[in-house]
Each structure stands twice: as C-alpha cells, then as structure tokens.
Amino acid sequence: MKSQTISTIHRFLLLPSHILIILLLEFLNSFRSYGIRFVLYNYITNEFISSDGSSNNNNNISDTQAGTLLGAKSLLDIAFGLSGSILVDYIGVRRVSLVALSVALVSRAILALSRTTLPLYVALFVSSFGDALLSIGLYRVALKKLSTPKTRPLCFGLSYACSNMAGICVAVVVDYMRKSLNDVHIDIHSSFVVNSMIGGIYTPIRQFIVLTWLVLFITFIIAYFLLEDWTVLDLEDLDEEYCNDDDMKRIPVDILPAKPMVRHDILQQYFTHEAPGTDDETSMLNISAEGTKDTYKLPDYKVFRTQYAMSNENEEGTQIHPFKGVVHVVKQFLTIIQLRATWRVIVFSFVSVPVVLQWTASDMVLPPFLERRFGEQIPIYTIQSIHMLGCLVLPPFVQALTSQIEDFRVIIPGLSLMAVSPIFVAVHPNVMGACLWQLCMTLGQVFWSPRQDSWTAGLAPVGMEGLFFAIGSSRALLAPLGDWIMGVMNSKYNPNCITCRDSVGHFCSNPMTISGDTETDIELIECWSVQERCDIYLDSSQDCPQTCNDCPDWNATNPSTVWHILVLISITSPLLGERLFVYYIHFHVGSVCFYLSNL
C-alpha cells in the first residue's frame, strides 16, 4: 500500500509543471468566488441606496429585494453556466478563461465603485456571464486533460484542497479587514467626474471587494501569459477515450516529451534504495517500502495541443461545422434522459434540495443574523470558515473509513446529521450556537456530499459524463427560489434596523453630548456612527445602539424562529431520501423509463 502511494506521488511529480499553473488559477478563482459569495448579501443591504441617489439610510435595499435580486442572478448563472459548459468543448479553456475574466474584471469594478441600485443591477447581471463561466469547473477541465487515470484522483484532491483553502483565506482576510481597517474617504476635488466615479466612503467590506478585483487582475495576467491548452498522454495509462484504434488516430503525430515538475534524477535520489540497473537511467525506479523492493516502469508522459471541436477536422480535411456538435449534444441528451440511472440521480438531486438550503442560509442568513444581533465586531466570516476547514480536512478520513460501506448507508445518515444541525442555533441563538451549527453541518456534509458525487460518477454512461453531471445537478434550477426564500425569512424574522445604522451600514454607537436640561439635570446625547450623524437623540441614561437589539424602534423578533423553520425544511431530505428513493426509484421510475425506452 505504501509503495503504491509513493508510486502515485512519483507519477504526479513527473507530470508537466503546467499543472501547477492550473492549481494556482484554481486557488485564485476560488478566492474570487468565495470572496464575493461571503460578503455580497451584507454588502448589498448595508451599502447600497435607492437609484434616486438619496443619502437617507431608510432607502437601503431591503432583505426581500436582496433575495429577489440574488435569485435573479442565480437564474442567469444557470443559463450562462450551461452555455459555458458547451462552449469550453468548442473553443478551449484558455479562450473561455480570458473572456470570462475580462467580463468579470469590468463587472467587479462596477460593483466596487457603485453605490446605487442601477449600477448594482448592471454589475450583478453582467457578472453572471463571467462568474458562471468561471464557476463551471473551468480549470478542472484543464486539470483532467493534464492528468492520467492513475494521477487524476490526487490531482482533483489537490484542486479540492486549493478551493477550500481559498475559502479559509477569504474568511481570515475579510474578518481581519473588518476588525483592523478603518473607513477610507476618497474625495477628489480637482475633477467632479472622477470623484463621482470613484469618490466616497470605502468601508472595510468595500475595500475587500477592491481586493478581489486585484485578485481577478492577477488571475487574468497569469492566464494570459501562462495558461495553455495541453493534453498529457501516457501510453501505459490511457483514458478510455483513447483505448481503441479509431480514437488513437486522433492523437497528433507531433506529440512532445513532457517537461516534468521534478526531474527524474531528483526523484530517484529521494525515492530509490539503489541505482537502477538498466541502460536507460530514467526508465525504471526502485522503491523501498516496509522491507520490500518494488520496481516499476517510469511513466513516459507526452504532451500535445488539445484538440477542440472548433479546430477539429474530419477525415477529408474539411472543418467540422459547430452545428453538428449541437446536434450531437441533443442526441446525447435524448439518450441520457431515457436511462433509469439518470432519473435516479435527478430525483435524488431534488430530494437533497431542502437540506442544501443550509448552504444558502450560511451565506445569506448567518452573516446578517450575527451582525444585526451581536454587532460589527463579531468574526462572522471566520465562523463561516469552520465549514471550509472541515471540508478541507475531513473528506479523506471519512471516505477511508466508509469506503467499504454501500453508498446510501453513508448518504442517509449524513443527510440526517446535516438536516438537524441548525437546532444548535435554534436552542442557543448566539455565536456559540452558530459555531456548533457550522461544525455539525460540515460533519454531515462530508459524509453524504462526496459519496453522492461518487455514486453519480459510477452511474454516468461512458463518453457522456459531462452532460450527465449537468443533468444530475438539476437541483440548481431551484437555487433562485432558495435565494428568495432566505431574503423573505431575513425580512420577517431577522429584519435590519436601518434607523440605527448609517448609509454604509455602521451602527450609530458613538455618543456625543449636545446639551443638558437645567430643570431635570439630564444631559442629552446624539448618536453618531464612525462616519456621520444619525439623528438619534437619547438621554444620558441610555446607550447608543451597538446592535439592532439596542435600537429603540426596532421590531424585535424571536431569534430562534428562523432556525426552527430551517430544521423543519431540512429534515424532509433524509425522510424522502430513505422512503421515496428506495420505493420510487427502484420500482416506479425504473419501470416507467423501461417502458419509455421501448416505445
């Protein structure tokens, strides 16, 4: 076992160094994605005012409006994402990446600089195109082509780790900025036009949005100069698509030897117990593990430019028209939709929708819940990073412990654990309850979510995996509904206290003595935020509001209600997963699909 592990690591290190570029791009892209996902809801509801340009903080975007807006964006993301997944097969990862990054740079700049709803709508809806193309696993397509079957699990494991590490970095950075940085006021007197474009107050959250723009710019520079469409080939470790003679003809004759990340002689220095006894120094490698001596042939990796449908030619040398590719996709879809396995995956995808709402709640309900009830100093995003950290560390151990257990004997308990996890916040609606929810939710997720992916991959028909995964992710169609529901729940059970906050979301927590009543000897104070006056007047016996709970005219609600509702919604997933799946899928859907396939 140990020698096999060393062999896998060795094979990985002999892959082209270009794979490190892909992993770096995956990290930066995930930083961009998590960066906007974590802060967007609070950013919208705290810092954007109505399109009439009024500075009155009563005109801030409401929770319901924010939920509707993000729901509409999710719908566009689905449409653009589906188009992008097809587009990658025609023009390649490099071109799609550069186009998507260019659009994302423009939309992120608008989002960072705008302060009213009209440019906000433009930024979000334009960003849907760039974000959707970057969120379809774009760089994982390149990673798949740069790896071989024996090295692919390790490559994708590293990609998964890079993605989750980026999420942890986002949480740490944004909370550090919220705690350590002050608002920056930019006022350019020399030019009214320039000042109207970039002038104003830059809160730590807005400064973080600017930071994500810089990350996007760096990603664009790296992609422009270093990203290429390469395919790696090892004749001793071929993908199934190259295993027959007809497919082998598609391999170009001018393939090149791959330049490894680590040279052979360096690997031999650290991995071998004696020098190879062959004429070719790089052909064999001896491994010493637990007293045994194993010898295996070194992989002979070759690389060639990836062939995409846009540049493919048929046997007569004429270029293939893209319309034929569309017809091919339609035929694949009609074939897949008749498979019993497809309907099993689709039904389970929708069965998991209620529990998956917790991911939406973690992004859209938890941040405003903590900030509005416990103040701006709470490390909101560090609490969210518990989820990222668990998804980074736990999956390998869980999969190792449960690899011999049947899929749904692992999935159903995982769903059940995740479904009941919000009960911690319902019973203890405070910071500790939120931490326990994130921990319990993560424990449940690492049991069922990776195993669902493995189960789905095992059912995917050979040669149609991409479209099968797209159809199997059909629960994404309900994502806009989930965004809207979370916005409504915030509005009803976790409302904002806009009268006690300034135009950029700071609480009016700073008292300023303005006068005193000589007859009663009571001093009057006016509450200010760190930026502006808030028109809140209190006597000296009262404290300026540091949370919504302190706001005099805030309509307080039961902090546990929203979390009880989330538990009731989530618990339907394991109930349906256990009952509906076993009965409906194995008998009814299978029979119906068998009948349809024989019409």
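Predicted model: local features only at pLDDT ≥ 70, side-chain atom pairs only at ≥ 80, totals over all residues.
How much space lies in the second largest pocket?

Residues are numbered from 1 along each chain as its sequence is written, and side-chain values use heavy atoms, with hydrogens and water left out.

**The core.** Select Ile44, Leu111, Tyr139 and Trp563, the residues with the most contacts inside the largest nonpolar core, which has 106 residues. Such a core is a set of buried Ala, Val, Leu, Ile, Met, Phe, Trp, Tyr and Cys residues joined through side-chain atoms within 4.5 Å. Buried means under 20% relative accessible area, exposed over 50%, and partly exposed in between, with a 1.4 Å probe and protein chains only. Next, select helix H2 (residues 18-47), which gives the most to this core, with 15 residues. Helices (H or I, at least four residues) and strands (E, at least two) are DSSP runs, numbered from the N terminus.

**The second largest pocket.** Select Arg178, Glu376, Gln377, His506 and Phe507, which lie nearest the centre of this pocket among its 28 lining residues. About 530 Å³ of space lies there. On a 1 Å grid over the protein atoms alone, a pocket is an open set of points with protein on both sides within 12 Å along at least five of seven lines; a cavity is a set where a 1.4 Å probe fits but cannot get out; lining residues have an atom within 4 Å of a point. Grid points are joined across faces, edges and corners, and a volume is the space filled by probe spheres set on the points. H2 returns here with the largest share of the lining, 5 residues.

**Ser503.** Select the loop between helix H21 (479-493) and strand E8 (510-517), where Ser503 has its place. Ser503 is buried, with a relative accessible area of 15%.

**The largest cavity.** Select Ile36, Lys73, Ser107, Arg108, Leu111, Ala123, Leu124, Ser127 and Asp131, which line the largest cavity. About 50 Å³ of space lies in this cavity. Helix H4 (93-113) and helix H5 (117-134) each give two or more residues to the lining, and H5 gives the most, with 4.

**Helix H13.** Last, select residues 340-351. In H13, 9 of the 12 residues are buried, so the helix is largely enclosed by the rest of the structure. Arg344 and Phe348 are among the buried ones.

Note on methods
Expected span 1.5 Å × (residues − 1).
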